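The sequence and structure are shown below.

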Amino acid sequence: MPSKKKKIVVIGRSNLQNLYIHTVLLKKLPVEIYLINEQAKTSEQDFDYASYYHADATIHSGTFNECRNADIVVFFQEEMSNESFSNEDNLALIKEKVKKMMATGFQGIVLVATAESNIVASLIKHFSGLPANQIITLGTMLATSYFQVEIAKLFKISPKNVHGYIIGESGQDVIPVWSRAFLGGKPILSYLAEEQKRITSDDLQNLTNMITKIPDFPVETKDGCTFSFSTVTVLAELTEVILRDEARVLTVGAEVKEAYGLESPVFVSIPAVVGAEGVRELLALNLSDDEQKELKRITTKTTKKLGLLHNKGGIS
């Protein structure tokens with residue numbers, strides 16, 4: 001007897017939507033995907049022409065009513081990257097979408113795929129009333145996987161044997177957790193003292209600088225890279241992990257409370273166990289003093305941004 005298809009609803013406008021859906025289709029997941037935006041009919045028709053090649057999945061245009069029994073809602077908002085839209089305009093759009101979503105009785109997982117994703121996640125939690133573990137951002141998944149691959153290149157080993165994380169936010173607000181980075185069971189920092197011909201502090205700094213170029217949402221950089229393909233690859237991977245209930249450790253944006261000594265709940269990217277129920281468990285790393293101080297600086301920055309929105313009266 002065939003297994004019941006899972007249901008994904010894609011809310012909001014973004015030029016990444018079709019690329020995300022295409023990447024999900026390549027994973028051969030048995031899913032129904034519903035698009036809710038003004039271009040949904042055109043996208044539905046486009047994918048329908050190729051339905052022979054993705055028999056496991058179906059794509060439809062729909063309304064917010066499709067959220068009622070969705071396993072995952074993917075929350076896009078292209079306007080978050082548009083400087084012509086004010087914070088107040090974006091806030092109103094987020095509130096409107098979330099209220100429509102929750103009016104259907106939705107109780108699934110929300111994946112936030114926007115710029116300023118940790119801010120947006122906090123707003124979605126506030127407006128929806130959903131448990132924090134059911135709201136997830138892409139966080140530093142892309143930065144962490146890139147970090148592991150580049151370390152593997154330095155040591156000429158498989159990335160599967162590199163255990164290291166990027167936490168925090170994005171851009172200049174990322175933290176490579178060198179104090180908890182290992183090759184197999186051996187700390188990477190120990191190589192600086194024992195095998196300086198193999199790796200130097202300059203190598204580590206160069207890698208850190210490369211990581212800071214990765215945004216939380218696609219933007220075109222000076223060298224023309226848009227990060228579109230890499231972003232949707234990670235988003236599709238996160239989708240699969242949830243739908244297959246894989247219980248994998250991923251550096252996603254999740255609400256952190258007491259862990260890491262933070263003073264108030266805030267969404268930030270840290271290692272977490274992710275499965276069908278969303279964030280199953282937060283993994284508290286034993287950070288160095290400098291890493292802990294940097295994490296506090298980053299989360300304080302996020303808290304202040306939310307505070308400004310509260311002060312303007314947009315959150316109620």
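In this predicted model, Asn90 has a relative accessibility of 5% and therefore counts as buried, the cut-off being under 20%. Asn90 lies in helix 3. An unreviewed UniProt entry carries the annotation "binding site" at Asn90; such annotations may be inferred rather than shown by experiment.

Besides Asn90, the buried residues of helix 3 include Leu91, Ile94, Lys97, Val98, Met101 and Met102. Viewed down the axis of helix 3, the buried residues fall within an arc of 135°, so they line one face of the helix. As background, an α-helix has 3.6 residues a turn, so residues three or four places apart point the same way.

What do the buried residues of helix 3 pack against? Their partners are strand 1 (6-11), strand 4 (72-76), strand 5 (109-113) and helix 4 (117-128).

Ser43 counts as buried because its relative accessibility is 8%, with the cut-off at under 20%. When residues up to four places away in sequence are not counted, Ser43 touches Asn18 and Leu35.

The accessibility values are set out below.

| Residue | Relative accessibility |
|---|---|
| Asn90 | 5% |
| Ser43 | 8% |

Definitions and conventions:
Residues are numbered from 1 along each chain as its sequence is written. This is a predicted model: local features need pLDDT of at least 70, side-chain atom pairs count only at pLDDT 80 or more; totals for chains, interfaces and linings use all residues. Side-chain values use heavy atoms; hydrogens and water are left out. Buried means under 20% relative accessible area, exposed over 50%, partly exposed in between (1.4 Å probe, protein chains only). Helices (H or I, at least four residues) and strands (E, at least two) are DSSP runs, numbered from the N terminus. The arc is that of the directions from the helix axis to the C-beta atoms. Contact means heavy atoms within 4.5 Å.
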